[in-house]
Every structure is written in structure tokens, then in C-alpha cells.
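I opened this entry to look up a few positions and the relation between the chains. My notes follow the display.

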Number of protein chains: 4
Amino acid sequence: MAGSTFGTIFRVTTWGESHGKGVGVIVDGCPAGLELDEQKIQQYLNRRKPGQTRYSTPRKEEDLVEIQSGVFEGKTTGTPISLVVYNKTQRSKDYSEIAGYYRPGHADYTFDQKYGFRDYRGGGRSSGRETIGRVAAGAIAEELLKSLGIQVQAYTKSIGDVTADMDKATPENIMKSPLYMPDPEASEKAELFLERKMQEQDSAGGVIECIVKGMPAGIGEPVFDKLDANLAKAVMSIGAVKGVEIGDGFAVAGAFGSDNNDSFCKGQDGKIAKTTNHAGGILGGMSDGSDIILRAAIKPTPSIARQQQTVNRDGEDIEISIKGRHDPIIVPRAVVVVEAMTAICVLDMILLGMTSRLDRIQEFWKK
Amino acid sequence: MAGSTFGTIFRVTTWGESHGKGVGVIVDGCPAGLELDEQKIQQYLNRRKPGQTRYSTPRKEEDLVEIQSGVFEGKTTGTPISLVVYNKTQRSKDYSEIAGYYRPGHADYTFDQKYGFRDYRGGGRSSGRETIGRVAAGAIAEELLKSLGIQVQAYTKSIGDVTADMDKATPENIMKSPLYMPDPEASEKAELFLERKMQEQDSAGGVIECIVKGMPAGIGEPVFDKLDANLAKAVMSIGAVKGVEIGDGFAVAGAFGSDNNDSFCKGQDGKIAKTTNHAGGILGGMSDGSDIILRAAIKPTPSIARQQQTVNRDGEDIEISIKGRHDPIIVPRAVVVVEAMTAICVLDMILLGMTSRLDRIQEFWKK
Amino acid sequence: MAGSTFGTIFRVTTWGESHGKGVGVIVDGCPAGLELDEQKIQQYLNRRKPGQTRYSTPRKEEDLVEIQSGVFEGKTTGTPISLVVYNKTQRSKDYSEIAGYYRPGHADYTFDQKYGFRDYRGGGRSSGRETIGRVAAGAIAEELLKSLGIQVQAYTKSIGDVTADMDKATPENIMKSPLYMPDPEASEKAELFLERKMQEQDSAGGVIECIVKGMPAGIGEPVFDKLDANLAKAVMSIGAVKGVEIGDGFAVAGAFGSDNNDSFCKGQDGKIAKTTNHAGGILGGMSDGSDIILRAAIKPTPSIARQQQTVNRDGEDIEISIKGRHDPIIVPRAVVVVEAMTAICVLDMILLGMTSRLDRIQEFWKK
Amino acid sequence: MAGSTFGTIFRVTTWGESHGKGVGVIVDGCPAGLELDEQKIQQYLNRRKPGQTRYSTPRKEEDLVEIQSGVFEGKTTGTPISLVVYNKTQRSKDYSEIAGYYRPGHADYTFDQKYGFRDYRGGGRSSGRETIGRVAAGAIAEELLKSLGIQVQAYTKSIGDVTADMDKATPENIMKSPLYMPDPEASEKAELFLERKMQEQDSAGGVIECIVKGMPAGIGEPVFDKLDANLAKAVMSIGAVKGVEIGDGFAVAGAFGSDNNDSFCKGQDGKIAKTTNHAGGILGGMSDGSDIILRAAIKPTPSIARQQQTVNRDGEDIEISIKGRHDPIIVPRAVVVVEAMTAICVLDMILLGMTSRLDRIQEFWKK
């Protein structure tokens with residue numbers, strides 16, 4: 001089971017290698033009637049495109065998406081939507097050398113162990129290009145969520161030891177920052193920090209935060225398919241993610257019940273609300289109506305120009321230095337990927353959530 | 001979809017409420033031929049039993065497990081194993097009051113939002129007793145893994161601000177500590193800390209760590225069903241968990257590629273090994289043959305005796321104080337639950353991993 | 001993967017062996033709010049109980065069902081419903097002999113090939129008693145369908161060469177006939193036929209038909225998860241079924257397009273209807289609003305008293321004669337099982353069908 | 001859930017409409033190491049191509065398959081294989097008229113009911129062209145099965161009332177007959193019969209049979225995921241299929257236990273065999289080592305030139321006559337589709353079957 005599918009109702013299946021003919025995604029189970037065209041999806045894809053700032057690889061990837069099925073006269077039909085981005089500018093010769101050894105921090109060795117050999121060109125299936133399919137599917141999920149009054153927004157929380165001050169943040173700042181960091185001052189500091197890392201032929205990590213606003217309460221299933229459990233899988237399935245947290249996350253380990261519990265109260269609109277949101281919008285695996293908050297820890301780019309120890313396929317110790325220009329940091333381009341996976345997961349669980357109560361089911365089918 | 005099933009090949013389905021007739025689990029897909037009896041499973045269950053130390057509720061729960069199917073003449077038959085623990089000592093009257101309001105930090109409100117009403121007795125389905133089924137299934141998974149040379153071991157890493165020093169740790173210490181903390185000195189400190197929290201009518205959180213030794217390399221699927229992604233879901237699906245990390249986890253956000261990359265080297269046995277294990281044994285979603293390391297952040301027990309603000313079912317602001325004795329900390333009893341979910345997930349992916357290579361499949365069926 | 005689960009949203013998992021502690025089922029994903037008690041389920045189970053007529057085994061099986069979870073104050077809560085029937089009257093000694101050989105027409109040999117050994121007592125997992133869990137789950141599915149205005153009804157269409165004339169049929173006749181055959185004349189003929197077979201120490205087969213009335217149109221997914229495809233799986237998964245057909249079924253092979261096509265027309269209520277129903281209510285895998293019609297071919301009971309050729313576990317040719325009283329025909333007791341599987345499948349697809357259109361989803365969540 | 005995926009380990013997802021950019025399939029979970037190129041797959045696709053005989057539509061469909069991912073240096077890599085056939089010769093104007101009414105025997109009405117509207121061009125998603133993806137995936141499954149010593153072969157059993165005499169059949173005859181009917185005499189008769197039907201502006205149905213040789217015993221899961229249950233779903237999911245049977249199928253309804261039971265015996269090679277094969281190679285849902293035999297009933301082509309009654313989208317009665325040339329029979333082109341679905345299903349269950357016994361799992365991982 002190659003495990004390239006995510007979701008139960010809204011089902012996303014990605015395919016493609018870095019240096020094959022292209023990368024793509026099948027979105028099966030998209031409800032009929034959503035207005036959709038290539039421009040809409042392209043806007044999301046452009047957020048992960050490289051070559052836009054000096055903090056990402058200058059490789060030129062056009063990444064133009066093509067809708068191949070599932071849309072008729074501008075609307076989704078309910079049948080599978082096939083989206084493809086053809087690979088155009090990949091040059092295989094750049095990668096021929098790495099066929100013979102295992103790059104530290106990459107999946108070269110584990111691929112060989114699992115399958116006996118691998119498509120070594122540009123990381124093959126484990127290339128960051130696989131996320132193109134995720135972002136394209138996420139674009140559809142976000143458009144559907146918007147039509148239900150739900151917004152998903154990810155941004156850079158920290159890079160190295162530079163952390164965004166959310167008090168100085170405005171949503172517009174996210175898009176202004178080349179690092180998708182909502183605090184302009186922090187963003188500038190982070191740029192200088194990355195500058196230094198590049199000079200040192202090194203790379204850096206960071207934290208991405210994602211917020212979902214407008215969630216109905218009661219979404220998520222109370223045991224294994226908890227909303228937070230599925231979000232954890234969705235986000236941890238992104239290549240460089242090494243940690244996921246919800247609400248206060250790891251900080252709860254040092255907290256006390258008296259401050260970590262969010263009190264319920266009568267909200268301004270007369271509805272039930274919470275005075276705080278340490279829980280990040282999820283209680284017992286189900287949304288409580290407040291904002292969903294999650295964070296992902298992103299490791300430093302493993303491809304660095306510095307010399308590194310490793311072994312070749314025969315198990316002999318060698319020294320390597322990875323050529324070519326690589327992103328000194330994965331975080332900024334991964335922001336939209338975290339947003340996409342969050343949107344896909346939340347949408348799927350909202351659709352699953354339509355069958356929890358008999359009275360609502362009866363009303364639905366009366367029509 | 002109530003979402004009470006986990007796993008693809010080794011499939012675990014739990015059922016039961018805190019104050020219903022019992023709680024249980026169906027393990028479907030357990031390979032035939034494993035020696036299994038109730039004693040073996042009971043040993044794991046005893047590790048989550050309350051009332052054993054003063055840091056857990058003095059409620060007496062016998063929690064004796066009964067095998068109802070799937071075992072014949074002492075061996076698993078390959079058919080579903082039904083395990084049940086009947087509820088014996090639950091007293092419904094203790095809980096009648098909470099029917100009318102929403103406890104902070106609990107799933108009362110979200111259950112009502114999802115289903116329209118809830119079995120309010122003792123938390124109903126979202127009670128910690130649901131984990132009995134997980135631990136019972138985890139016991140079977142661990143026994144199967146042992147027979148394949150794989151060990152899973154969880155323990156308490158930190159409680160509040162007290163962290164175990166793993167240099168002082170021995171595996172035996174885990175079981176000696178009433179808190180399952182492998183560093184005796186830290187364990188004592190943590191006991192004093194909990195003592196204080198109990199006096200303050202408050203509760204505390206902590207971190208559980210779990211290590212898997214003896215993993216074959218190449219386990220996990222490279223895209224959505226990454227080993228770490230499924231582990232994240234498995235562990236985040238446990239009630240009080242608010243964060244999951246693999247290897248260095250959130251620390252990677254502040255690390256650089258030059259130190260975070262684990263170098264490959266020729267191991268002592270001539271096989272390929274790694275000089276460090278920042279990755280926690282997983283590269284590109286697949287095991288790399290070194291130890292799997294994961295951590296879970298556990299929130300403080302939400303049930304505290306202190307007065308708290310909340311609302312009743314009519315949305316009116318009220319003050320409550322939760323009666324009865326509750327664990328001042330969830331961590332120690334959750335250790336075996338984290339271990340169980342890790343074992344279930346790892347086993348499932350090992351079984352899925354048998355079909356990745358045609359040559360191995362051909363050899364398998366030649367027999 | 002022992003494959004004991006059926007369904008995506010309304011998920012049914014059976015467990016148990018003929019001579020273990022009991023047989024049962026977990027129904028996960030049942031919507032909250034259905035009134036349910038043991039009496040309701042028992043009525044369905046009584047229809048498959050043996051010992052009620054002379055055409056079924058005189059073994060006494062009380063088969064009293066017990067609800068263990070998922071129902072609170074008389075209503076389903078949305079959490080897993082665990083139903084169990086404890087085995088009370090099974091006598092293991094009756095079956096000790098068959099441990100050593102392979103009964104023709106039974107799963108003894110295939111179980112040994114798959115698992116290496118088997119629980120040989122009374123057929124173990126492949127005993128007809130496994131269907132108790134199906135019928136109990138089917139009872140819940142039928143009650144849910146009724147609350148949506150949908151009726152499912154199965155009956156005996158033919159036994160040997162005796163076929164019910166549906167013109168003489170009334171629904172009441174189904175329950176009056178000891179064979180659940182709606183045509184009283186045919187039922188009597190079939191009884192005489194079975195009498196003869198019993199004298200000859202032989203057994204007979206037949207056909208069960210099932211009709212679903214009140215279906216909304218558009219249920220079923222157009223490609224692999226067609227309504228008829230899932231029904232075929234649901235019904236073929238019943239032990240003795242060797243064929244499934246929808247509408248005219250195998251008769252279409254000899255039909256022409258001009259008569260097999262059902263014309264659409266304006267119905268009496270002004271809505272679109274069909275003048276005929278050769279299609280059995282399904283077009284392109286989706287319900288068309290007319291009655292769903294399916295049939296299952298049931299093989300003769302393989303356990304017969306006559307002498308038969310077979311081999312023992314060492315592969316040596318032997319002659320056997322199966323002792324004990326067995327049903328001379330499986331059909332009458334399987335009627336409610338076909339009905340149950342049909343109901344489970346149809347309900348699951350109706351729940352899945354709630355997410356096909358964005359406008360309906362928007363309206364659902366507006367509330 | 002649009003339900004376009006089949007399989008658990010070997011997972012097939014089709015996409016595409018008749019008149020969109022193309023049709024395709026993603027095969028996820030294909031084991032690494034199979035030699036594969038476009039020519040191999042094309043051979044299977046050519047068997048369903050129209051325009052080869054006068055009994056299929058003269059529309060020219062090149063249907064050239066392209067491998068887009070998952071194959072590297074001539075071998076499958078274990079990652080998703082994306083296969084696409086671009087639509088080249090479709091002319092949308094031919095179909096514009098049918099947008100406004102519902103063709104009898106087609107999915108026009110049910111699509112509108114499910115999704116609110118439909119891509120009406122050439123049947124859209126429910127076009128026979130969707131099966132291109134199935135056949136392409138089936139080609140891979142068959143190649144994998146061959147490498148395990150397992151052969152799958154489908155052919156035309158009957159057309160109208162002309163039935164092939166299997167005594168006169170040789171495997172070569174299948175490919176010689178324009179109708180894929182292995183008995184040359186019957187094939188000729190059937191051609192004359194179809195000639196007549198075409199003159200009458202009518203269409204005919206038939207029966208396809210499929211045989212799997214070389215099956216290991218013990219494949220299939222004993223309860224819901226029985227081999228025959230999954231085969232029934234696989235085959236019934238093909239557009240025009242209205243019935244599926246295994247072994248003697250519906251004939252068992254008139255049989256007696258004494259002749260329907262297959263006796264076990266010591267085979268010529270000393271292994272356990274059966275003297276007959278009424279069961280069609282499956283007992284208790286698991287393969288018994290003899291040939292798997294299944295049959296599918298195929299309805300007459302619903303598109304006929306004769307005048308028919310129907311309604312338009314406003315529900316008004318109208319008369320229509322479907323223009324364009326259509327196959328007078330679906331059977332011959334569906335033969336390879338039945339074979340493909342059988343192969344996909346059997347392969348998936350063989351892969352699932354590797355985890356049933358602990359001793360075999362232990363041996364597998366020892367290496």
C-alpha cells in the first residue's frame with residue numbers, strides 16, 4: 001500500500017515524481033456545484049512556487065496547473081477532479097551523482113530499503129514537488145470551506161530563534177512578507193538570520209501556525225478519528241514536519257488544570273463561548289466552535305553545501321557536498337502546504353459530520 | 001462515522017461507556033498462531049489501573065479482561081478477538097449533577113453539539129475507561145512485535161517542570177517508579193510536586209516518551225501514510241494529548257541542517273547505521289533502522305476540585321466545583337496507553353510493509 | 001486483515017465463533033437519536049432462530065440479544081453499539097470428530113490453508129451463527145431506514161423447482177409461511193418437497209428476493225461504489241450465496257434493448273417515473289427512485305447425513321457421514337440475513353449520499 | 001464520496017469523462033520491481049478498442065496509453081503509477097441534443113438526481129470510456145499475477161440464446177473470434193444473430209465467464225471480505241452488469257447437497273484436490289486451490305436507434321431516437337473489463353493474504 005490517499009469523503013490521491021512527466025492529484029468526492037477554474041487553483045500554487053525571493057531556490061518551476069476532469073461549464077460535477085502540473089524544467093543530469101550514495105536527512109536510504117531501488121532524480125517521489133498535488137487539492141478544499149463560511153490561514157510563526165509577535169500582526173502582513181511572517185519587524189530579522197545561514201552554507205528550521213475560523217461545533221469523531229488526531233496525521237505527513245501541536249501544545253506539560261481549562265461563558269451573541277482558548281478549539285476530539293489553532297515544527301533543509309559524512313550504496317564511508325542551489329529554509333514554501341492539509345482534513349470531517357444526528361438526517365432527506 | 005476503528009490490517013475497534021455494561025475492543029486481523037491468554041493482557045491493563053498509588057484516583061476498578069472469541073486452545077485463530085472488561089463498581093449517582101452543565105476542559109459541550117445529547121455518566125464515551133480497549137489491543141500488538149524482535153517502551157519524561165535525566169535511567173527504574181519515570185531522583189521530585197498540586201486542589205501535565213527498538217528499515221509509506229504521520233494520529237487520538245513530536249521534534253525549529261542531519265556510517269556489524277538520531281528513526285516517512293522516538297504532551301487533568309466558571313445547558317453562567325477524587329495528573333496512567341497506540345500503529349505498518357517488493361512477494365508465495 | 005467489517009459511515013463489525021463464549025457485533029456510526037431497545041432487535045433475530053419449524057435444526061438456540069453500549073435512556077447516542085448473544089447450549093463433543101477431516105462444501109479445508117489450523121467446533125467462525133451479528137445490526141439499519149420512509153423486505157422466491165407466484169402474494173403471507181414464501185400454495189408444495197429431501201437424507205437450495213421501497217433517487221456512487229456493486233458484495237458475503245442479481249438479472253443476457261430499457265414517463269404525482277422496472281431500481285449504479293429488486297441464489301445445506309467422499313487432514317481418502325440434525329435447507333433462515341445485509345448497505349449509501357451537492361451541504365450547515 | 005477507488009493494498013482510482021481531456025487511472029500500491037512499459041498495457045487496451053469488427057461502433061478511438069509516473073528504468077518503483085489516455089476524436093456536437101432529456105437505460109436521470117446537473121457529453125463519467133482506466137490497471141494486475149504463476153482469462157459464454165460449447169473450446173479460439181467466444185461454431189451463429197439485431201435497430205445481451213488458474217488456497221477473508229464477495233462487487237461495478245455468479249451460481253438453487261458438494265480427494269500430485277468444482281474454487285469465502293469460475297450477465301446496449309418513450313428534463317413525455325452508431329452488443333468489449341476487475345480483485349486479496357499467519361510473518365521478516 002503506497003499510501004498516497006488522504007481522506008474518507010473528500011479523498012485526495014497524489015502521484016508523480018520530481019523528474020517524471022509531471023505531478024498531479026485526483027480529488028474524488030468533491031461536491032458538485034463549486035465554481036472552479038485553473039486561475040483559482042493557480043493562486044494557491046503560486047504561494048509554494050520557488051524562485052520568488054532569494055530565500056528559495058532559483059530553479060524556475062512554472063507549475064501551471066491543468067484541470068483534466070470533473071469540471072463542466074465552470075462547475076465541479078461531483079466526479080473525480082484530475083489536476084496535473086507537467087514537469088518542464090527539470091534537468092536530470094544535476095542529480096545523477098546522488099544515485100550512488102545516501103544523503104543525510106533525506107529518504108534515499110529508506111526508499112532503497114523499502115523498494116530495493118529508487119528513482120533518484122531530484123528526490124523522486126519524496127521530492128517537495130509532491131506537495132504540488134496537496135496544494136492543488138487544498139485549494140479546492142479551501143474554496144469549499146469558504147462557501148461554508150470557514151477560513152483557513154497559515155503563516156510563519158518562527159524562523160530559527162526569531163518569533164513573530166502576533167500583537168503586531170495583521171493578516172495583510174502575511175502576504176507582504178517574503179517569509180509569510182505576519183510581524184514585519186520579525187520578518188526582517190529572520191531575513192538577516194537566513195542571510196547569515198546561507199553564507200555559512202547551512203540551513204534553518206522554524207514553526208508554522210495555522211488557524212481555522214468559523215468552525216461549527218461538534219466536528220470530529222470522539223475516539224480514533226478525533227479532529228486533532230486527523231489534523232496531526234495530515235500535517236505530520238508533510239515531508240519536513242517533526243512535531244505537531246494543538247492549542248497550547250507542549251506548553252500544557254508545564255501548565256496546571258486551573259489555568260489550562262478554558263471556562264465556558266455566555267458569549268456576546270448570547271451563544272455559548274469560551275473565555276480563553278488553550279485547547280485550540282478542540283475538546284474531546286471535537287471542535288468547540290472557537291478557532292482551531294495548530295502548529296508544525298519544520299526541520300532545516302537537509303540539502304546543504306557543506307561537506308557531510310555519509311555512506312555509498314555499498315556501505316562505504318564517504319564525504320559529500322551537495323551541489324546546486326537549495327532553499328536555505330523550507331518554512332516559507334511549506335506554509336501553504338500546511339494550510340492545504342489543514343483545509344483538506346477539516347473539510348473531510350465536516351462532511352463526515354453530517355450524519356451524526358437522526359433528526360438532521362431526516363430533515364435532509366425530507367426535501 | 002463514529003470513528004472508533006484504527007488500523008488497516010491489524011484493526012482495532014473499541015466500544016463502551018464509563019457507566020454502561022462494560023468497555024471492550026475487537027481486534028480484527030490478528031495473525032493466527034500467537035499464544036495468548038487473559039493473564040498476558042491483564043499485565044498491560046494493570047499498568048493503567050487506578051488506585052495503585054496516591055497519585056491516581058482511589059476509585060476501585062478491577063478491570064479484569066475476558067477473551068470472548070478468536071483464541072482456540074491457547075492460540076489466536078486469525079479471526080476477530082473480542083475482549084471485554086465489565087464495569088462493576090461505577091456508581092451513577094456521583095455523576096448526576098454534571099448532566100446539566102458543561103465541565104471546562106471536558107467533552108461535555110462538544111458531545112451535546114455533535115449528537116444533541118450525551119451519556120453524561122462519568123464522561124460516557126469520552127471517559128478514560130475507553131482506553132482499556134486500546135491497552136488490551138496494544139497488549140496483543142506488543143506480543144506480536146516481540147515475536148518479531150521489536151520492543152516498544154513508554155515512560156514518563158517530565159511532570160510539570162521536573163524532567164527525567166535519561167543518563168540516570170535504567171529500564172528497570174520505569175516500573176519501580178509510581179510515576180513510571182525512569183530517573184529515581186526526578187521521580188521523587190515529581191512526587192513532591194504532585195503532592196503540592198493536590199493540596200492546591202489543582203492538577204498538572206507532563207510529557208510521555210516512547211521508544212521502539214529493533215525496527216526493520218523501510219517501514220511506512222512515503223506520502224500520506226508515513227510512519228510518523230500515522231504515529232501522530234495514533235498518539236494524538238488519546239484523550240489528553242495536545243502535541244506529538246518525533247526525534248528532536250519542536251527543537252528542530254531552532255536547529256541548523258549541519259547539526260540536525262544524521263550522518264550515515266558503516267556500523268559495527270558492517271551494516272549501514274547513523275552516527276546520531278535527531279530524526280527519531282524516521283526519514284521520508286519510513287523507518288531507517290534506528291530507534292523510533294516519539295513524545296506526547298499531556299494536559300493537566302481537567303477535573304479539579306477548585307471552583308471554576310462555566311455555563312449550564314441553557315447557556316447561563318454558573319460556578320462549579322467538581323466533586324469526587326480525581327487523578328491530579330493523567331501522565332502515569334497514560335504511559336501504557338501511548339505505548340499501546342504506538343505498538344498498534346507500528347505493527348499495522350509492518351504488516352502493510354510486506355507487499356512493497358515483487359521479489360519478496362514471489363518468494364513468499366513460492367512456499 | 002480478517003475482513004469482519006462492512007460499511008463506511010454505518011460500520012458493522014461482527015465477532016464470535018459457534019462454540020466460543022458468544023457472537024456479537026459492533027455498530028459504529030449509528031446516528032444519535034434512534035429509539036432502540038433489545039425487544040426491537042430480538043424480533044429480527046427470532047426470524048433466523050432455528051427450531052421453529054421442522055425444516056430447521058431442532059437445536060435449541062435462545063439467541064437473546066443484549067445491548068452493551070451506545071444506548072442511553074432508550075436512544076442511540078451516536079457512539080458504538082455493542083450487541084452480544086451469549087452461546088448457551090452448544091455442546092462441543094458433538095463436533096470433536098470433524099476436527100480431523102474436511103467436510104465437503106464447508107470451509108474446513110480453506111480455513112486450515114489460510115490460518116494453519118482452525119476452531120473446528122461447529123464450524124467456528126464460518127458457522128451460520130456469525131449471521132446473528134449481521135441480523136442484529138440489520139435490525140438497527142432497518143429501523144433507521146423506516147424512520148426515513150424506506151422499507152426493506154426479503155422473502156423466499158423459490159425452493160428447488162417450486163417458485164412463488166407473486167400475483168398470489170400478499171406481504172402478510174411471508175410471515176405466515178414457515179418458509180417465508182409469500183405464495184401459500186407454493187409454500188405448501190415446497191414443504192412437501194423438503195419432506196422428501198429429508199427422507200432422502202439430502203438437502204435443497206433456493207432463491208431469496210429482496211425489495212427496497214421508498215428509495216430516494218441518486219443514491220450510490222457512479223463508478224466502483226455503485227449501489228448495485230455494494231449490494232452484490234453485501235449479499236455475496238453471506239455464507240451460502242453463490243449468485244446475486246439486480247432487476248431482471250441473468251435474464252438480461254437473453255433480452256433485447258428495445259424491451260429491456262425502462263421508459264421514463266410522467267408519473268401520477270407529476271414526478272418522473274418509469275413504465276417498467278427491468279433495471280431493478282438502479283441505473284448507472286445509482287437508485288432511480290423505483291423499487292430496488294435483488295435476488296440471491298442459496299446453495300443446498302452442505303451438511304447431509306448421506307455418506308460422502310472426502311479426505312482427512314493427512315490427505316487420505318475417507319468416507320464420512322455427518323451426524324446430528326441439520327437444516328435440510330438454508331433458505332428460510334437466510335431470508336432475514338439477506339434483508340439485514342441489504343438494509344445495512346442501503347443505509348450506508350444513503351448516509352454517504354448526503355455530501356454530493358454543495359447547495360445541500362450549505363443549507364445543512366446554515367442551521 | 002464519489003467512490004472511484006477499488007482495492008485496499010493494490011488501489012485503483014479512475015478519473016475522466018468521455019469528452020473531457022482524457023481518462024486515466026492511478027494505481028497506488030503496486031509492488032516495486034515489475035517490468036512494465038506502455039506496450040504491455042496497450043495490448044490489453046486494444047482488446048476493448050472499438051472499431052475492430054462490425055459489431056462495435058466505428059468511432060475511431062486510438063486510446064494510446066501513456067505512463068506518467070511510478071516507472072523508472074523500465075520497472076515499477078512502488079510509488080503511484082499514473083496512466084492516461086487522452087481523448088482525441090470526441091466530437092461534442094453529436095451529443096448536444098441529449099442534454100435536455102433522459103435516455104432510457106442510461107444514467108442521465110440518476111446523475112441529475114444525485115448531482116443536480118451532469119456533463120452530458122457522451123455519457124460523461126458513466127461512459128464506457130471510464131473502463132479504459134480499469135483495463136490499464138488490470139493489465140498491471142495481470143502481469144503481477146502471471147509473475148506469481150496465476151492466469152486470469154475471460155471470454156464470451158453466450159450472446160442472446162447462443163451459448164459456447166466449452167468442449168469445442170480452445171484458449172486460442174478466444175482471440176480468433178471477433179466476439180471473444182471460444183467455440184467457433186457458436187461464434188458464427190452469434191454473429192448472424194447480431195446481424196439480425198442490427199437490422200432491427202435493436203441490441204442484445206450476453207454472459208461473460210472468467211477463470212482464474214493457479215490460485216493458492218486460503219485467499220479471501222472469511223466474513224465480509226470473502227473472495228467471492230469482493231469479486232461480486234468488482235464485477236457488478238462494471239456498467240452493464242446485472243448479475244454475478246460463482247461456480248454453479250444460480251443453478252445451485254435447484255441442486256441438492258448430495259450432488260452440489262464437491263468431494264475432496266487425494267490429487268495426482270499427492271496434494272488435496274476436489275473431484276468436481278461446483279463451488280467455483282471458493283469455500284467459505286476463501287480460495288480452495290481449484291479454478292475460480294465466475295460469470296457476469298451483461299444487459300443489451302441501451303442506446304438503440306429505434307424510437308423510444310421518455311421524458312425531458314421538465315418531466316414532459318417525449319419520443320426519441322438515439323442517433324449515431326452504437327455497439328449492438330456490449331459483451332465483446334466488456335470481456336477484457338471483466339478480466340481486469342477480476343485480476344485487480346484477486347491480486348489485492350493475495351497481497352492481503354500475506355498476513356494471516358504469524359509463522360509466515362516471522363519468516364518473512366527474518367530475512
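Predicted model: local features only at pLDDT ≥ 70, side-chain atom pairs only at ≥ 80, totals over all residues.

Residues are numbered from 1 along each chain as its sequence is written, while chains are lettered from A and ligands numbered from 1 in the order in which they are written.

I placed A:Ser158 in strand S8, residues 151-159 of chain A (strands are DSSP runs of E, at least two residues, and helices runs of H or I, at least four, numbered from the N terminus). Setting aside residues up to four places away in sequence, I listed its contacts as A:Thr163, A:Ala164, A:Gly206, A:Val207 and, from the other chain, B:Ala253 (C-beta atoms, placed from the backbone, within 7 Å).

I then checked the UniProt record, an unreviewed entry, which lists A:Arg48 and A:Arg54 under "binding site"; such annotations may be inferred rather than shown by experiment. I found A:Arg48 in the loop between helix H1 (38-46) and strand S4 (65-67), buried with 24 other C-beta atoms within 10 Å.

Lastly, I noted that a rotation of 180 degrees with 0.0 Å of shift along its axis superposes chain A on chain B (RMSD 0.0 Å), by least squares on C-alpha atoms of residues with pLDDT of at least 70 in both. That is the relation of a two-fold axis.

Terms used: Contact = placed C-beta atoms within 7 Å. Buried ≥ 20, exposed ≤ 12 C-beta atoms within 10 Å, placed from the backbone.
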